[in-house]
Amino acid sequence: MPSELITNIAELTTMDDEDRQLHDAAVVVEDGLIAWIGAAAEAPDADRRTDVAGRAALPGWVDSHSHLVFAGDRSAEFEARMSGAPYQAGGIQTTVTATRAASDDELRANLRRHISEAQHQGTTWLETKTGYGLDVDSELRSARIAEAELDDVTFLGAHLVPQGADADEYTRLVAGPMLDAVAPHVNWIDVFCERGAFDAEQSAHVLEAGLRHGLGLRVHGNQLGEGPGVALAVEYSAASVDHCNYLSAEDIRLLAESRSASDGGASAGTVATLLPACDLSTRQPFGPARELLDAGVTVALAANCNPGSSYTTSMPFVVATAVLQMRMTIREALWAATRGGAKALRRDRGTADSPAIGSLQPGARADIQVLDAPSAAHLAYRPGVPLTWDVWRGGHRIVGPAPVLR
Ligand code: NIG
């Protein structure tokens, strides 16, 4: 792959270990990785040159929570919610019925459409989950379709107890034959630990089974009310607990301590992943971002794209909401949507087979977004305005400037 110099960057937000923000900067990309970062005036030569003419650049978004293997539409449920009906976990069943009825091609096309939509808004890494199949064959099919498109795939057989099933019996199916079938196609396991879904004991059973299969652990917790999700996630050293709308002081303490318990605080512990687009769409209170950050918890932001509770792929919308409504600073929100997401997926430190994501520093994957704005602050300063200009993913330019229409 020819090397590429991206230069004339007005503001380069690196999210690197020193959290550097450079001005009048340049980046050199080689073999899909960041090879050099520094002042534009000192940049080395490369095979190709892209002049971004005074725009801002930052890492591509790392969207660590989505449910993209689905079919069907739940806009009527959304409309009812906007007229005062509450969000209920039971709505998941509607999507299960539509997903089971869809062909592989339909599911694949739908998944690809949403990935492309996300990429056009600066997302360069996406996790997605199964969870709209809820029987062995349908969950396996979802996992296979997802693994062909994405590197982080989560088994969420424990999303809802399907209509007519017994909760304990279904939990045993998830943790037994369903997991045996799906495990070779996924790298994470998740459980919706919530009233109306799975209780603490059933959730622990699912996580234990995932551990035995060598999967990383994630938990949906404390979305619709206080409950055991966060404590369970911390007890099992899950990489992330997602939603976190209703947290007790004890939950926040446990999350903060999970961080100091791991590597003397150097690593992230259990990340609290907040999903503000979902909170708006379900009219739940926002996750307590300020309290979490002030307590020293590692916070990530994700879009949670799914047809029920959060039908958006837009990380710029998530970042703007986090700043405007959740009292996160611009830097905190940008970090949470890039490096924070990478920590929630345990990918912020590179390995021999998998370079780091979520930051721009030598050796990291060249996942870069350029904004049609002089600084990343414009993402919240100009909410709703499509600012994505260029996107490079693994060194390939996947989105370029739109042609001028006459
Ligand atoms: O993360 N909370 C559980 N799962 C999804 C919603 C799924 C749905 O309503 O279809 C979520 O919000």
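First, the ground rules. The model is predicted, so local features need pLDDT of at least 70 and side-chain atom pairs count only at pLDDT 80 or more, while totals for chains, interfaces and linings use all residues. Residues are numbered from 1 along each chain as its sequence is written, and side-chain values use heavy atoms, with hydrogens and water left out.

Let me start with salt bridges. A salt bridge here is a side-chain nitrogen of Lys or Arg within 4 Å of a carboxyl oxygen of Asp or Glu. The count comes to 24.

One of them joins Asp17 and Arg339, with the closest N and O atoms 2.9 Å apart. Which parts of the chain does this pair link? Asp17 sits in the loop between strand 1 (4-13) and strand 2 (21-30), and Arg339 sits in helix 13 (residues 339-344), 322 residues apart. Helices (H or I, at least four residues) and strands (E, at least two) are DSSP runs, numbered from the N terminus.

Asp17 is partly exposed at 44%, and Arg339 is buried at 4%.

A second bridge joins Arg141 and Asp104, at 2.8 Å between the closest N and O atoms. Arg141 is in helix 4 (residues 136-147) and Asp104 in helix 3 (residues 104-119), so the pair ties together parts 37 residues apart in sequence. Arg141 counts as buried at 18%, whereas Asp104 is partly exposed at 34%.

Asp367 is buried at 4%, and Arg365 is buried at 16%. Elsewhere, bridges that share partners join Asp17, Arg339, Lys343, Asp348 and Arg349 into one network.

Next, cysteines. How many disulfides are there, taking a disulfide as a pair of cysteine sulfur atoms within 2.5 Å? A search of the whole structure finds 0. For Cys193, the nearest cysteine sulfur is that of Cys244, 12 Å away. For Cys305, the nearest is that of Cys278, 11 Å away. Cys193 is buried at 2%, and Cys305 is buried at 1%.

Last, the surface. Asp166, Asp168, Glu169, Asp199 and Glu201 form a negative patch. Patch residues have over 30% relative accessible area and no salt bridge; like charges are joined within 9 Å, and nonpolar side chains (Val, Leu, Ile, Met, Phe, Trp, Tyr) within 5 Å. Glu201 lies in helix 6 (residues 200-212) and is exposed at 67%.

Definitions and conventions: Accessible areas come from the Shrake-Rupley method with a 1.4 Å probe; for residues, only the protein chains shown count as cover. Lys and Arg count as positive and Asp and Glu as negative; His and the chain ends are not counted. The place of a charge is taken as NZ of Lys, CZ of Arg, CG of Asp or CD of Glu. Buried means under 20% relative accessible area, exposed over 50%, partly exposed in between (1.4 Å probe, protein chains only). A disulfide is a pair of cysteine sulfur atoms within 2.5 Å.
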